[in-house]
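Okay, thanks for coming, everyone.

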Amino acid sequence: MTQFKGKSTISVHSGDHLDQKSGSVQTPIYQTSTFFYPPEEGKSWELPPPIGAYIYTRYANPTLDAAQDKIAALEGGEKALVFGSGMAAISTSLMSLLKAGDEIVSVEDIYGGTFSLMKYHLPLLGIDTKFAPTTDTNSIIGAIGDRTKLVYLESPTNPLLRIADIPNIVKAAHEEGALVAIDSTFATPINMNPLEMGVDVVLHSCTKYLNGHSDLIAGAVVSSSELIDPMYKKRIVLGGVLDPMGAFLLIRGLKTLALRMHRHNENGMAIAQFLEDHPKVEKVHYPGLKSHPQHELAASLMRGFGGMIGMEVKGKRRGAESTLRSFKLIKKATSLGGVDSLASMPLNSSHASLSAEDRKRLGIADNLIRLSIGIEDLEDLKEDLDQALKKG
Ligand SMILES: *Cc1c(COP(=O)(O)O)cnc(C)c1O
């Protein structure tokens, strides 16, 4: 495959599966469950099928391959796999990397589904997890022991946009013979490429920025051939593969990834500054702001800071609830990373199942609103935020 230099060119062109027969300029949707195979008499199945040989869509499909090659190129990895959700990508990857008796060291402020997987489901398979705070590099490194096979990071985190010191954690993990995986959903390959920092496995919920239109559930993992090949076999038996129509939507979304992220970065920064100066806002969490406690670390690792912002508003829980109710343009919904701006309160959505004590320990305030800033015009976004904050 041709190697392109720029992320926009990669977003548009990498991985495209050109159909020589028809001359279609876009990757066709191979909406089929099965393929003519074996192609020649006297030949039998080779499992898993080699690249370019197709048997059955749960194993491989050309539309999926095109999405995978584009994501691998964007992350600068050897290979990628796509899944029917971010959680399918995470669970399949972890079950491929780990076996009974192994231990994970994970940051504690991870996505809720991943936390449940590690706390309640993996222990049933004999895989245990030790948790440490994202910002406490020493306690993450200190938790790595003889049984630790994997250090699991998420950065920036949800919803407080905390940053993990990836290079130092990678160095310590590798010295102890452990691999490092990161959920890079919030950063995207436009703002950060963890593989360049020595991370071994990069995970994405493609539901968010990679697809970018809040109309698809999908996930991906990117890594070396050595680690991806067994994950591919695991995906075949666990069955969490993406479907061809989903892969087409993902490819369509990915074509504008670089363009969209530049706008999310620009809007995110401008709105964070606007909120920081707003009399109704107590605190803004955004890694691009100088006031963010890890701003320098974030700036050394990331090329842009994205569209996710946490804001604590005046008037406690009730102030936040009435602000949320008053949004007109910004939609009140969970999820993130799409072209439409969305807002939610972690207290009653993503972090509702936690006790008040646990929320306090994690720093999630009752008056915290999580904003996913879209690609709308700044004047409209500011106007909506201002009118809603005044009612809060
Ligand atoms: C949404 C999300 C996930 C889970 O992805 P799904 O596509 O919903 O399965 C995992 N990690 C992060 C950081 C997310 O935001």
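Let me start with the second largest pocket: α4 (112-121) and α13 (356-362) each supply at least two residues of its lining. Helices here are DSSP runs of H or I, at least four residues, and strands are runs of E, at least two, numbered from the N terminus.

Quick caveats: this is a predicted model, where local features need pLDDT of at least 70, side-chain atom pairs count only at pLDDT 80 or more, and totals for chains, interfaces and linings use all residues. Residues are numbered from 1 along each chain as its sequence is written, and side-chain values use heavy atoms, with hydrogens and water left out.

Back to that pocket. A pocket is an open set of points on a 1 Å grid over the protein atoms alone, where a 1.4 Å probe fits, with protein on both sides within 12 Å along at least five of seven lines; lining residues have an atom within 4 Å of a point. This one is lined by 23 residues, with E108, F115, H351, L354 and L362 nearest its centre. α4 gives the most, 5 residues.

Now, which residues sit closest to the centre of the largest pocket? Out of 34 lining residues, they're I51, D65, A66, Q68 and D69. α2 is the top contributor there, with 6 residues, and α8 is among the elements giving two or more.

So, α8, residues 225-238. Its buried residues (under 20% relative accessible area, 1.4 Å probe, protein chains only) are L227, I228, M231, Y232, R235 and I236. After α8 comes G239, with a positive phi near 85 degrees.

Key: The expected span of a helix is 1.5 Å times one less than its number of residues. Buried means under 20% relative accessible area, exposed over 50%, partly exposed in between (1.4 Å probe, protein chains only).
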